[in-house]
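Subject: Structure handover, cavity search

Hello,

Please find the structure below.

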Amino acid sequence: MAEASRWHLGGTPKHKLHYRREVEMRTTLQESLLYLIFLINLCILTFGMVNPHMYYLNKVMSSLFLDTSVHGEERINFKSIRSITDFWKFMEGPLLEGLYWDSWYNNKNLYDLKNSSRIYYENILLGVPRVRQLKVRNNTCKVHSSFQSLMNECYDKYTSENEDLSDFGLKYDTEWKYSAPIINSPWHWGFTGVYRNGGYIFTLSKSKSETLDKFINLRMNSWITRSTRVIFIDFSLYNANVNLFCIIRLVAEFPATGGILTSWQFYSVKLLRYVSYYDYFIASCEITFCIFLIVFTTQEVLKIKEFKSAYFKSSWNWLELLLLVLCFVAVFLNSYCNIQTFLLLGQLLKSTEKYSDFYFLAHWHIYYNNIIAITIFFAWIKIFKFISFNKTMSRLSSTLSRCIKDIVGFAIMFFIIFFAYAQLGFLVFGSQVDDFSTFQNSIFTQFRIVLGDFNFAGIQQASRTLGPIYFITFIFSVFFVLLNMFLAIINDTYSEVKADYSIGRRPDFELGKMIKKSYHNALEKLKLKKPETDEDKKSRKSRDLAEQARREGFDEKEIQSAEQMKKWKERLEKKYYSTEIQDDYQPVTQQEFRDLFLYAVELEKELHYVSLKLNRVMRKVSALQY
């Protein structure tokens, strides 16, 4: 019997099973420490790319070119442009004044400008700005027969198929002749279309007066026509004080409906990566990142070889693969950006009389920043893999894994109702309310309504009847019913998990306990803490159990009763259930008999309580069956 008790189920000795758990915990602890170093390195790497001056540089430039009003007409700035007349006023006013800073505020030259403009005296204008427009051909749409007598020209929205490639106007200069797009140049995604490179292009002069004459000449000769669909104003700056390039694009779209829609892009990027000592420290972090990437890739390849198809059954393994893919993409984009910067930067800065197209470099740097941001997001999510051995985190993961099927079923029902309301809002309010102007806008608007951000006055003005009905029924259905159902699913599942943990159904080991145990052992070996005796361990364990019981909702009376029963049990087991064989007869004293009687009474109460619980559960099960 004693021999059998030494063996666990399946014939595995208990001490071997315990050893395996210790090895597993130790391996998990080593992996978590290694991953923590990797995460710290990744954080240093990503935060090293971001400079607080990027925001301030963008803010200063946007204030200069977007918010500066036309002299004498305070209502006209780039953001408020609505007509071709307003556009030319901006070009000949705020844009011209913002680009050409050829003297100090008191009209004195304090330094050699070297034939370049210094915006705000600190930002060098690289090369010269470029203005580019795209047009569409006539008769790209069809005029209804009833109106052909009034209008015989029709210009559709911009697409690459509708684009006009023919020369127009004076035809003797580049701004009147079509220039073919560059193959590797990125397209621009605007409000009313996706625009490619090329078009009718002209560059500005180094002289402010010559540029003004150019604008007047283009305006007088109708460079902007009915077929114009978009105009881009591109230029780049460099601030040596903070080692940042600012690539600026101002966009004016001319939709087929008439009017002008303005948008803008300000990209502050660090193209010259390695200048200061801190930059070289970031470079060392990049090398360390690549080493970690090789190590983690090797580990995952070995795991796939060992476990084969079983490897892909774990969601954590899929997260590992996703993280590795993102890391490789980030390394590739970083290498590509550095190579392109090395190859193109010298050529772009060589000629100061031409337009320096830094937009291509900035575009890929923004892609790299986005990829590295997504990478570090999933890198932080992976921490849950290591802290899931903690009891609290284990409860969270158990709750989510148990209720995932219910959440999926709920999500299907939720999005059916949600998309139904989105389509209703788009069809009823789309032509009058900006928040519902497209189906995508309607979806995001409804998420904002759930969060309490909504424009009820606009909805009501669009439809006096359907507006309030839509709003009230949406709030009731989604906010009061569906969201509370979602919370009820989570709450009910968490209660089940908490009940299972209270009766002992919990993970076999917790990483936090091992770390705590290793910490105490290290203190004892360094003689910074006295070794714990058996009595100390028992009292500490008793305190931990009592604290756990308080957290789980037991009152003080129940805790004291349980502690008293435990003391009786330990005392009786020590006297009557000792493993040593005792030949001498030991009579039971009156005090011992009293303790045994009280212990039996308390045990009977507990058994009665458990019996009542079981009867209640059986009645519920019977009711469910019928």
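Which residues lie nearest the centre of the largest cavity? They are Gly-48, Met-49, Lys-270, Arg-273 and His-365, out of a lining of 13 residues.

This is a predicted model, in which local features need pLDDT of at least 70 and side-chain atom pairs count only at pLDDT 80 or more, while totals for chains, interfaces and linings use all residues. Residues are numbered from 1 along each chain as its sequence is written, and side-chain values use heavy atoms, with hydrogens and water left out.

The search of the whole structure found six cavities of 30 Å³ or more. A cavity is a set of points on a 1 Å grid over the protein atoms alone where a 1.4 Å probe fits but cannot get out; lining residues have an atom within 4 Å of a point. Points are joined across faces, edges and corners, and a volume is the space filled by probe spheres set on them.

Largest cavity: the volume is about 170 Å³. Helices H2 (14-49), H6 (277-307) and H8 (359-381) each give two or more residues to its lining; helices are DSSP runs (H or I, at least four residues) numbered from the N terminus. The lining has seven nonpolar residues (Ala, Val, Leu, Ile, Met, Phe, Trp, Tyr, Cys, Pro), three charged (Asp, Glu, Lys, Arg) and three polar (the others, Gly among them).

Second largest cavity: the volume is about 90 Å³. H6 supplies the largest share of the lining, four residues, and H2 and helix H9 (383-387) each supply at least two.

Regards

How values were computed. 1 Å grid on protein atoms, 1.4 Å probe; cavity = no way out; pocket = protein on both sides within 12 Å on 5 of 7 lines; lining within 4 Å.
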